[in-house]
Amino acid sequence: KMGRKNVEEVIYHILEAPRYRTYFNVDDSRRLTETILSKLPDKKKEIELAHVQVFLGELWDRAQSTKKNNELPLLGTGLIQEDDDLEGVLESFLKKQIKELEKSYGEKVPLELLASMISERFTKLQLSEATLQGNLSKNKVVSKKPLPDLLKELEQRLIIRTIKAGDETQYEISHDVLALVVGQNLSEEMKMREK
């Protein structure tokens with residue numbers, strides 16, 4: 001977490017860094033930075049850098065999809081929609097990640113795992129690998145690859161994080177907002193099972 005002014009400088013310097021300019025063009029770095037910041041919540045006057053990373057990732061994907069032929073992607077305020085907010089951007093991010101992971105682990109497996117990591121109020125829970133494996137088995141969810149591999153990939157993609165509790169490693173969804181987004185994306189079958 002960083003203060004708003006520091007985050008503003010981080011984003012601005014990323015957009016202006018000469019070594020990155022071979023990969024993209026920017027239309028008004030200062031204005032784009034301010035627009036991005038206006039979309040990020042800063043309760044307690046701090047912003048999570050992971051939120052910035054996800055937001056920039058979404059802008060990058062949008063810039064890639066709108067570029068023409070061999071042009072460099074153009075990052076600008078036109079890529080940010082009026083109704084963009086952290087929750088919406090995280091939902092888009094989560095859906096892309098789940099779709100990619102399903103290719104290796106099986107349909108619904110990543111979402112089932114994440115669903116077992118939230119409470120009925122869509123808040124994040126801290127659970128051990130054994131508990132997570134038990135939850136998947138109870139719900140008859142079978143992964144094509146071992147659970148530790150999926151946990152590692154989810155952590156690399158900033159969706160979950162590990163927490164040391166004594167000698168035991170526990171896992172939790174990395175952000176409260178992401179836990180809420182997972183809850184809002186449960187399938188009807190998952191919702192019925194929860195009831």
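**View 1. Helix α3 passes helix α4 in a left-handed crossing.** Left-handed means that the near helix is turned anticlockwise from the far one by less than a right angle; clockwise would be right-handed. The model is predicted: local features need pLDDT of at least 70, side-chain atom pairs count only at pLDDT 80 or more, and totals for chains, interfaces and linings use all residues. Residues are numbered from 1 along each chain as its sequence is written, and side-chain values use heavy atoms, with hydrogens and water left out. Helix α3 covers residues 49-66 and helix α4 covers residues 86-105. They pack at an angle of about 70 degrees, and their axes lie 10 Å apart. That makes α3 roughly perpendicular to α4 (65 to 115 degrees; under 35 is roughly parallel, over 145 roughly antiparallel, the rest oblique). Axes are lines fitted to C-alpha atoms, for helices over the stretch in contact, and angles run from 0 to 180 degrees between N-to-C directions.

**View 2. Residues of α3 and α4 make the contact.** From α3 come His51, Val54, Phe55, Glu58 and Asp61. From α4 come Leu86, Val89, Leu90, Ser92, Phe93 and Lys96. Contact means heavy atoms within 4.5 Å. Six of these residues are nonpolar, two polar and three charged. Here Ala, Val, Leu, Ile, Met, Phe, Trp, Tyr, Cys and Pro count as nonpolar, Asp, Glu, Lys and Arg as charged, and the others, Gly among them, as polar.

**View 3. Asn185 sits in the loop between α8 and α9.** Helix α8 spans 176-184, and α9 spans 188-194. Asn185 counts as buried because its relative accessibility is 18% (buried is under 20% relative accessible area, exposed over 50%, partly exposed in between; 1.4 Å probe, protein chains only). Asn185 touches Glu91, Lys95 and Leu111, leaving aside residues up to four places away in sequence.

**View 4. Ser137 belongs to helix α6.** This helix runs over residues 129-138. Ser137 is partly exposed, at a relative accessible area of 46%. Leu15 is 122 residues from Ser137 in sequence. Their C-alpha atoms are 46 Å apart in space.

**View 5. The protein has nine helices and seven strands.** Helices (H or I, at least four residues) and strands (E, at least two) are DSSP runs, numbered from the N terminus. The C-alpha atoms fill a box of roughly 55 × 40 × 30 Å along the principal axes. Of the 195 residues, 41% count as buried. Among contacts between residues at least 6 apart in sequence, 64% join residues at least 24 apart.
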